[in-house]
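Please open the model in your viewer and keep the selection panel at hand.

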Amino acid sequence: FLFVLKLHSDLDKGVGTVKYTLSGDGAGTVFTIDETTGDIHAIRSLDREEKPFYTLRAQAVDVDTKKPLEPESEFIIKVQDINDNEPKFLDGPYVASVPEMSPVGAYVLQVKATDADDPTYGNSARVVYSILQGQPYFSIDPKTGIIRTALPNMDREVKEQYQVLIQAKDMGGQLGGLAGTTTVNITLTDVNDNPPRFPKSIFHLKVPESSHVGSAIGRIRAVDPDFGKNAEIEYSIVPGDGGNLFDITTDENTQEGVIKLKKTLDFETKKAYTFKVEASNLHLDHRFHSVGPFKDTATVKINVLDMDEPPVFSKPVYTMEVYEDTPVGTIIGAVTAQDLDAGSSSVRYFIDWKNDADSYFTIDATEGTIATNELLDRESTAQYNFSIIASKVSNPLLTSKVNVIINVLDVNEFPPEISVPHETSVCENAKPGQVIQTVTAADKDLSPAGQWFSFRLSAEASNKPNFTVHDYRNNTAGIETRRNGYSRRQQELYFLPVVIEDSSYPVQSSTNTMTIRVCRCDSDGTILSCNVEAIFLPVGLSTGALIAILLCIVILLVIVVLYVALRRQKKKDTLMTSKEDIRDNVIHYDDEGGGEEDTQAFDIGALRNPKAIEDNKIRRDIKPDTLLFPRQRPPVEDNTDIRDFINQRLQENDVDPTAPPYDSLATFAYEGNGSVAESLSSIDSLTTEADQDYDYLSDWGPRFKILADMFGEEES
């Protein structure tokens with residue numbers, strides 16, 4: 001144990017009556033006290049970086065009474081630092097860069113080491129920096145840790161990567177101090193300090209004469225040791241011999257110069273070309289202009305190789321003309337192709353068939369002459385476009401193609417005709433010399449420049465005093481009136497034959513009929529009506545007035561129809577009076593019945609319809625002079641028969657003191673005056689059907705036989 005300090009009370013006589021106690025930070029764990037002597041010891045090692053001080057409290061108490069002899073005392077134990085921590089680079093290892101060719105002292109990077117020892121006590125935390133590896137290229141400030149370049153003009157192309165070992169030592173770098181190290185990886189970044197250089201001064205290329213325009217025929221390359229954009233090269237052709245036939249571009253991936261063909265090559269015309277190519281940097285650095293021009297030049301020699309080429313036509317396109325209806329077999333032109341190779345092979349021609357239109361022409365395989373194969377019609381097809389193929393006899397696979405355009409010239413075969421409209425109108429109040437229509441003409445033939453049309457009346461119409469044609473000499477004409485007024489009642493339509501001639505050869509003409517309709521117009525010449533029906537209307541009667549008259553007629557017809565219908569309805573209501581002078585309402589039917597055997601003549605169920613009974617509340621009879629007051633009748637219940645209905649009405653009239661002595665009944669099967677059976681009304685009948693005797697029906701004859709059988713069966 002390490003002795004730290006000793007506590008002593010003035011009341012302690014050394015006889016063992018005083019006891020010392022310790023409390024606070026680390027009491028019992030880090031520090032302990034001898035209860036008799038008051039000695040304090042550290043029972044384990046202390047670390048200032050972990051805890052720099054401890055606050056403790058001590059007290060002296062009586063052993064017997066356990067009472068404090070003095071007040072509690074507080075004291076602080078500070079841990080004294082020793083150099084037990086080396087400097088550490090918390091951010092290491094480091095990565096840095098610096099441009100190549102930088103001057104001495106160029107800033108690279110600053111490193112920093114941290115020492116956990118107490119910086120206020122001694123030199124334990126005072127750090128000094130030094131380079132263990134990386135000299136003589138770089139240096140470091142011992143106090144600040146700033147790394148700088150130590151050599152001028154360090155070249156990236158010579159060495160690009162550097163690894164520097166940095167040491168940080170405490171105790172001010174003195175002997176016995178602790179040290180820590182870190183590495184710094186330094187990269188030299190590129191600058192454009194090197195011009196491009198061709199590896200050789202002359203480049204030889206061989207190009208076939210059959211190479212296509214725009215194709216790449218060769219590549220050359222200049223070398224630039226720089227990197228990235230500083231190594232980008234631009235190639236150009238120096239104006240000179242053959243330079244206008246070629247072009248050069250830069251391949252961005254390989255930085256090569258790609259030579260392309262701008263025009264076709266011909267071995268028979270020129271066999272070799274020579275020109276110069278210049279390579280230069282795109283991005284220059286003004287700091288290195290003194291090094292020299294950042295470009296280089298090389299010579300390119302191109303040898304043209306002779307190839308077996310297809311025939312060459314004398315023209316890129318052939319245009320020919322032929323009149324329509326030209327006889328079959330007529331030669332209209334020729335094409336010419338030539339073999340320019342040294343062998344000069346013969347050439348054969350044929351048409352490149354693509355559609356049926358190509359069959360209108362043929363070509364001589366040897367001479368190249370083109371002739372018609374069918375009759376041509378310009379109105380059907382005005383132009384033909386097809387291809388002619390020429391091939392070498394020595395090598396039929398080598399062919400060339402040319403377009404041939406044949407324009408079909410027009411022959412005047414169609415007469416001109418009047419353009420729409422073919423119909424016009426004239427006012428009844430037209431004056432002589434008034435232009436009612438301007439007409440133009442159209443011709444299906446191809447009208448050459450300067451063609452014109454003439455207009456005139458036909459010979460049979462020239463003597464009629466109705467209309468005339470005025471030719472304006474500008475391919476138009478006017479239809480003019482020759483009379484003072486026209487009448488629709490006399491003639492509604494006029495047909496005017498107009499003769500039109502063209503100016504081509506041979507002259508073609510046609511007679512066109514203009515239809516002229518006579519119309520009614522106002523004083524300003526505005527057409528009011530051209531309808532045929534309007535001729536028969538009275539003069540001055542407007543359309544509104546005509547509609548009003550028709551509406552009045554329709555109203556009168558409706559009134560007459562309603563009147564006739566009411567008259568017919570009144571005739572149906574006929575009053576029939578029995579010999580007892582009982583007035584009944586009789587429903588009369590105009591249809592003829594089928595006699596006694598007709599049991600379907602009338603549906604008696606209508607009398608049993610309660611809704612129909614309720615609706616028919618007004619008595620249909622010949623009313624007497626006495627004024628009747630309306631009376632409310634109770635509705636008839638459902639499923640009532642005729643007898644209940646009649647008894648109810650009879651009861652109602654019997655108890656009504658205001659009712660005249662007559663019944664309002666619907667009487668059926670009324671036999672008429674003088675009938676042997678008299679009335680069949682149930683008013684005077686017996687109270688029940690059982691009291692009735694129907695035997696007398698058998699005495700009435702065969703006409704009542706069916707009725708007698710019916711009531712006889714009920715009685716039995």
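This is a predicted model: local features need pLDDT of at least 70, side-chain atom pairs count only at pLDDT 80 or more; totals for chains, interfaces and linings use all residues.

In which strand is the place of Arg520? Arg520 belongs to strand E37, residues 509-521; helices (H or I, at least four residues) and strands (E, at least two) are DSSP runs, numbered from the N terminus.

Residues are numbered from 1 along each chain as its sequence is written, and side-chain values use heavy atoms, with hydrogens and water left out.

**First stop: Arg520**

Select Arg520. Arg520 is partly exposed, with a relative accessible area of 36%; buried means under 20% relative accessible area, exposed over 50%, and partly exposed in between (1.4 Å probe, protein chains only). Now display its surroundings. Not counting residues up to four places away in sequence, Arg520 touches Glu428, Arg488, Thr526, Ile527, Leu528 and Ser529, where contact means heavy atoms within 4.5 Å.

**Second stop: the whole chain**

Of its 716 residues, 34% count as buried. Among the contacts with a separation of 6 or more, 66% are between residues 24 or more positions apart. The chain exposes about 44100 Å², of which carbon and sulfur atoms supply 53%; accessible areas come from the Shrake-Rupley method with a 1.4 Å probe, and for residues only the protein chains shown count as cover.

Select residues 2-6, 31-33 and 39-42. Three strands form an open sheet here, in the order E1-E4-E3, with antiparallel pairing; two strands pair if DSSP finds at least two bridges between them. Strands of a sheet pair through backbone hydrogen bonds, either parallel or antiparallel. Which strands lie at the edges of this sheet? The edge strands are E1 (2-6) and E3 (31-33), each of which pairs on one side only. E3 is joined to E4 (residues 39-42) by 3 bridges, and Phe31 has Ala42 in E4 as its bridge partner.

Select residues 295-305, which form strand E20. E14 pairs with E20 in the parallel sense over 7 bridges, and Phe203 stands opposite Val300 in E20. E19 pairs with E20 in the antiparallel sense over 9 bridges; here the bridge partner of Val277 is Ala298 in E20.

Is Thr299 buried or exposed? Thr299 counts as buried because its relative accessibility is 18%. Leaving aside neighbours within four places in sequence, the contacts of Thr299 include Ser201, Phe203, Thr274 and Lys276.

Select Phe198, Phe246, Ile259, Val277, Val300 and Ile302. Of the 25 residues in the largest nonpolar core, these touch the most other members. A nonpolar core is a set of buried Ala, Val, Leu, Ile, Met, Phe, Trp, Tyr and Cys residues joined through side-chain atoms within 4.5 Å. Strands that each supply at least two residues of this core include E14 (202-208), E19 (272-281) and E20. A second, separate core has 23 residues, among them Tyr94, Val98, Ile131 and Phe138.

The structure holds 16 aromatic pairs. Rings of Phe, Tyr and Trp (its six-membered ring) pair if their centres lie within 6.5 Å; planes under 30 degrees apart count as stacked, over 60 as edge-to-face and the rest as tilted.

Select Phe138 and Tyr162. Their ring centres are 5.6 Å apart and their planes stand at 80 degrees, so the pair is edge-to-face. Phe138 lies in strand E10 (residues 138-140) and Tyr162 in strand E12 (residues 161-169). Both Phe138 and Tyr162 are buried.

Finally, select Tyr360 and Tyr384. With centres 5.3 Å apart and planes at 45 degrees, this pair is tilted. Tyr360 counts as partly exposed at 24% relative accessibility, whereas Tyr384 is buried, with a relative accessible area of 5%.
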